[in-house]
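Subject: Structure handover

Hello,

Here is the structure I said I would pass on. My notes on it follow below.

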Amino acid sequence: MVRSVTAMGLALSLLAGATSALAASTATLAAMPIEQAATELSPNQFVWKDNGSSEPVSIVISLQDQRAFVYRGSTMIAATTISSGKDGKDTPVGTYPILQKNAVHKSSLYDDASMPFMQRLTWDGIAIHAGRNPGFPASHGCIRVPLGFAKQLFGVTTLGTTVTVTDDFEGGMIPEALVADQETAVANLRQSISLEQ
């Protein structure tokens, strides 16, 4: 009995130490320039340094780095780790407008799976939403982000906010010419028209 109580006390001490180390890591990230902090993130971590200006928001998803970067104008204001589509359920590359937003959304494709703070990118099921974020591609094609990040992102975007999904972007300056490809633009327009009828 004494041995198990001692072992439990040791385990709790180790857990408390790990939690304070994580907090220190988060504090360290917050003190860094955002571009540097974006490269240091562990799964489920994010940094958010929004100046609150009125410049338009845009988002870049780096499949290569499993990161999302949020910009106001050309200034990075946030970054997070993501989990994109796994093999065979790849997240499509392209530039998309946010088509729909729903803070409390359930998947119609995957057994009513919860998709908090969902922001739809395509009408065939690709979205940014809060979800499991192991630090590697593990989704059915959506872009999963940490819950706290998803909530803040939901608050700064609007319908039409540009999201660029790429496999050759490394954090830093926002890519030039964020324009949806023609096939995506036509499909989105058709779907929008059909919803209005």
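A residue is called buried here when its relative accessible area is under 20%, and exposed when that area is over 50%. By this cut-off, strand S4 is mostly covered, with six of its seven residues buried. Please keep in mind throughout that the model is predicted.

Overall make-up

The protein has four helices and 10 strands. Read from the N terminus, the order of elements is α-α-β-β-β-β-β-β-β-β-β-α-β-α. Of its 197 residues, 39% count as buried. Taking contacts between residues at least 6 apart in sequence, 59% of them join residues at least 24 apart. The exposed surface comes to about 10800 Å², and carbon and sulfur atoms supply 58% of that area.

The six-stranded sheet

S4 belongs to an open sheet of six strands, ordered S1-S4-S3-S2-S10-S5, in which the pairing is mixed. S1 and S5 (94–97) are the edge strands, each pairing on one side only. On average, neighbouring strands in this sheet are turned by 20° against each other, with direction ignored.

As background, strands of a sheet pair through backbone hydrogen bonds, in either a parallel or an antiparallel arrangement.

The pairings I looked at are these:

- S1 and S4 run antiparallel and are joined by three bridges; Trp48 stands opposite Ala78 of S4.
- S3 and S4 also run antiparallel, with six bridges between them; here Phe69 stands opposite Ala79 of S4.
- S5 and S10 pair in the antiparallel sense over four bridges, and the bridge partner of Tyr96 is Val163 in S10.

S3 and S4 form a hairpin with two residues between the strands, where Gly73 takes a positive phi near 65°. Helix H3 lies across S1, S2, S3 and S4, and runs at about 35° to S1.

In soluble globular proteins, nonpolar side chains tend to be buried together. In this model, the largest nonpolar core holds 24 residues, and Ile61 and Ile128 touch the most other members. Two or more residues each are given to this core by S2 (57–62), S3 (67–72), S4 (75–81), S8 (127–130), S9 (143–145), H3 (147–156) and S10 (162–166). H3 makes the largest contribution, with four residues.

What does Ile61 contact, once its neighbours within four places in sequence are left aside? The list is Arg67, Ala68, Ile82, Ile128, Ile143, Val163, Thr164, Val165 and Thr166.

An exposed loop residue

Is Ser54 buried or exposed? Its relative accessibility is 77%, so Ser54 counts as exposed, since the cut-off is over 50%. Ser54 is found in the loop between S1 (46–48) and S2. Although Ser54 and Arg72 are 18 residues apart along the chain, their C-alpha atoms are separated by 7.9 Å.

Regards

Terms used:
Residues numbered from 1 in each chain as written. Predicted model: local features only at pLDDT ≥ 70, side-chain atom pairs only at ≥ 80, totals over all residues. Heavy atoms only, no water. Core = buried A, V, L, I, M, F, W, Y, C linked by side-chain atoms within 4.5 Å. Buried < 20%, exposed > 50% of the residue type's maximum accessible area, 1.4 Å probe, protein only. Contact = heavy atoms within 4.5 Å. Pairing = 2+ DSSP bridges. Axes fitted to C-alpha atoms, helices over the stretch in contact; angles between N-to-C directions. Areas by Shrake-Rupley, 256 points an atom, 1.4 Å probe, with all protein chains shown as cover.
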